[in-house]
Amino acid sequence: MKKGSKRSLSLNSLTSSLSEDQRKQLCGLLENVELTLLFKASVHGYQASAFHQRCDRQGPTVLVAYNRSGYIFGGYTSVDYTQSGRDVTDEEAFLFSIRGGGAPLCFKVNSGQYARYDDAGAPNFGDQLYFCYSNQATVYDQGQNGYGGYGGRGNPFNFDPATLYGNDTQLRECEVYKVEEKKDPQISVKMKPWRNVQWTEKRRDELMKMIRDYKPLMPSVSRVRILMIGPVGAGKSSFFNSINSVFMGRMTSKAMSGSAGTSLTTQFRTYPVKDGREGKPLPFVLCDTMGLEEQSGAGLDIDDISSILQGHVPDRYKFNPTTPFQPEEQKAFRPPSLQEKIHCVVYVIDATKISLMSSKLEEKLAAIRKKVNSLGIAQIVLMTKVDEACPLVEEDLQSLYVSSYIKTKVQEVSSRLGVPVSCVLPVKNYSQELELELNCDVLLLTALQQMLRFADDYFDDIRPVEGNPI
Ligand SMILES: Nc1nc2c(ncn2[C@@H]2O[C@H](COP(=O)(O)OP(=O)(O)OP(=O)(O)O)[C@@H](O)[C@H]2O)c(=O)[nH]1
Ligand SMILES: [Mg+2]
């Protein structure tokens, strides 16, 4: 190893002798792990007691030895050191040797039986290869000393000493690292998706057909009215644009979207969506509102929301944060029908801003929820911008439900808004794309389908009283 090419890593207060590249090579053998240095012979001594003091009962560990000829080699065990005086079975154990730039060599344990002899002595692999032997900076290889197949154990590991460590048993360092699954909040390779999504064209077509064929449970309602509420810039207008794009088969941007200090949407808009350019209107209407702001007297007002929910507010009504909509005049004119009321409320929340949500905004949302609850209207959370929240999702949307980071965000938004985790739907809206994308479509349509299902629950709930003025 060339001088200067080695970058030391500081782990705890001890300093690892592995360079960044070497650590990566070693981690590559273990998949998605973090290493914490427990023991360093040059600091703690080569005595077996010093090793046991620091490495016993630490779970999986990897031992890394450095010999005078520049070989970096050692072994991994998934079983604790406990000084039990017994042979340890460990099917995951392996010996390794890290070489220059190439992939490290790995000699897996044969059956796992006799993978280690666990006593108070020096750490060993298969009772074949001892490190810090006799409390010295040496390696002892039973096979090299004519003791192969010791005690009827056979050779738990098959390796060539010349390849593994260049036949040089003199050590200049020996380290032991605790091996733990990575705490990195991004993604775990071993993780199963926490929600199942079929990212296929067949699924997209199925979802589109289900939405097309959907009929609200209530015969008096031809289209479900879905209201989008959320902070400024959360992606309310973009969600409508995205759904409209999916059904139009091309990118559309009918609703104005973008970023400004205050809400870009200033009017109440009810957007029907057509099934293609010349197609029939679909059985839902997306209602877009002005963004919520934390200060009172700014952004969408809670009284306005109340009027919208009850169907008083007409399309294109221009919001005025200082003077809320006056429902009394409208009411006197004509009481709204069930068709004009809101059947499902969608809280649109930006995944990148959940932790930054101020308590004032949280209070505002809680007050809105209280109002919506009192009317018995179905509620759902649309968690947008999952691409911006997690780089792995940005690269591949299919990583969404294996990303533990997104999972924590879903849990966070669920607890901050007081809605069940199952009601939080992560999506990526179309924002800068020019062409539609299958994964994006599947997620958007899944969310829309869920909204229609929730609206049905609402209809189901009020059905017995149909006929009465609601
Ligand atoms: N990367 C990404 N950007 C998004 C997403 N959704 C919305 N955006 C962008 O976020 C910005 C705000 O989106 P809008 O749809 O205008 O947000 P809004 O909730 O309607 O905001 P107001 O009308 O101002 O209250 C736009 O620049 C969008 O392109 C998303 O899922 N991913
Ligand atoms: Mg908007």
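This is a predicted model: local features need pLDDT of at least 70, side-chain atom pairs count only at pLDDT 80 or more; totals for chains, interfaces and linings use all residues.

Start with the helix itself. H1 spans residues 20–30, and its buried residues include Gln22, Gln25 and Leu26. These residues cover an arc of only 95 degrees around the axis, so they sit on the same side of H1. An α-helix has 3.6 residues a turn, so residues three or four places apart point the same way. The other side of H1 carries Glu20 and Lys24, and both are exposed. Just after the helix comes Glu31, with a positive phi of about 65 degrees.

Now the chain as a whole. The protein chain has 470 residues, and buried residues make up 40% of them. It contains 13 helices and 20 strands. Take the contacts with a separation of 6 or more: 69% of them join residues 24 or more positions apart.

S10 pairs with S11 (residues 129–131) over two bridges, in the antiparallel sense. In one of the pairings, Asn124 has Tyr130 of S11 as its bridge partner.

Then the cores. The largest nonpolar core has 74 residues. Ile226, Cys344, Val346 and Leu382 have the most contacts inside it. Helix H13 (residues 438–462) gives the largest share of this core, 13 residues. Another core lies apart from it, with 45 residues, including Phe73, Val109, Val139 and Leu171. As a general point, nonpolar side chains in soluble globular proteins tend to be buried together.

Leaving out residues up to four places away in sequence, its contacts are Phe239, Val346, Tyr347, Val348, Leu425, Val427 and Ala447.

S14 covers residues 224–229, and six of its six residues are buried. Val224, Ile226 and Met228 point one way from the strand. Arg225, Leu227 and Ile229 point the other way. Both sets are buried.

In S18, Tyr347 stands opposite Ile229.

Ser220 lies in it, between helix H5 (201–213) and S14. Ser220 is exposed: 11 other C-beta atoms lie within 10 Å, and the cut-off for exposed is 12 or fewer. Beyond its neighbours within four places in sequence, Ser220 is in contact with Leu338 and Gln339. Ser220 and Leu338 are 118 residues apart along the chain, yet their C-alpha atoms are separated by 7.5 Å.

Phe319 is buried, with 20 other C-beta atoms within 10 Å. The cut-off for buried is 20 or more, so Phe319 qualifies. Setting aside neighbours within four places in sequence, its contacts are Thr266, Gln267, Phe268, Met290, Leu300 and Asp304. Phe319 and Thr265 are 54 residues apart in sequence, and their C-alpha atoms are 9.2 Å apart in space.

Thr265 brings us to the ligand. It is among the residues that come nearest to ligand 1, along with Gly235, Ser238, Ser257 and Gly291. The shell around ligand 1 holds 24 residues. Helix H6 (236–248) and helix H10 (386–389) are the elements that give two or more residues to that shell. H6 gives the largest share, three residues. By type, the shell divides into five nonpolar, 14 polar and five charged residues.

Notes: Residues are numbered from 1 along each chain as its sequence is written. Chains are lettered from A and ligands numbered from 1 in the order in which they are written. A residue is near a molecule or strand if its C-beta atom, placed from the backbone, lies within 6 Å of it. Helices (H or I, at least four residues) and strands (E, at least two) are DSSP runs, numbered from the N terminus. Ala, Val, Leu, Ile, Met, Phe, Trp, Tyr, Cys and Pro count as nonpolar, Asp, Glu, Lys and Arg as charged, and the others, Gly among them, as polar. Two residues are in contact if their C-beta atoms, placed from the backbone, lie within 7 Å. Two strands pair if DSSP finds at least two bridges between them. A nonpolar core is a set of buried Ala, Val, Leu, Ile, Met, Phe, Trp, Tyr and Cys residues joined through C-beta atoms within 7 Å. The arc is that of the directions from the helix axis to the C-beta atoms.
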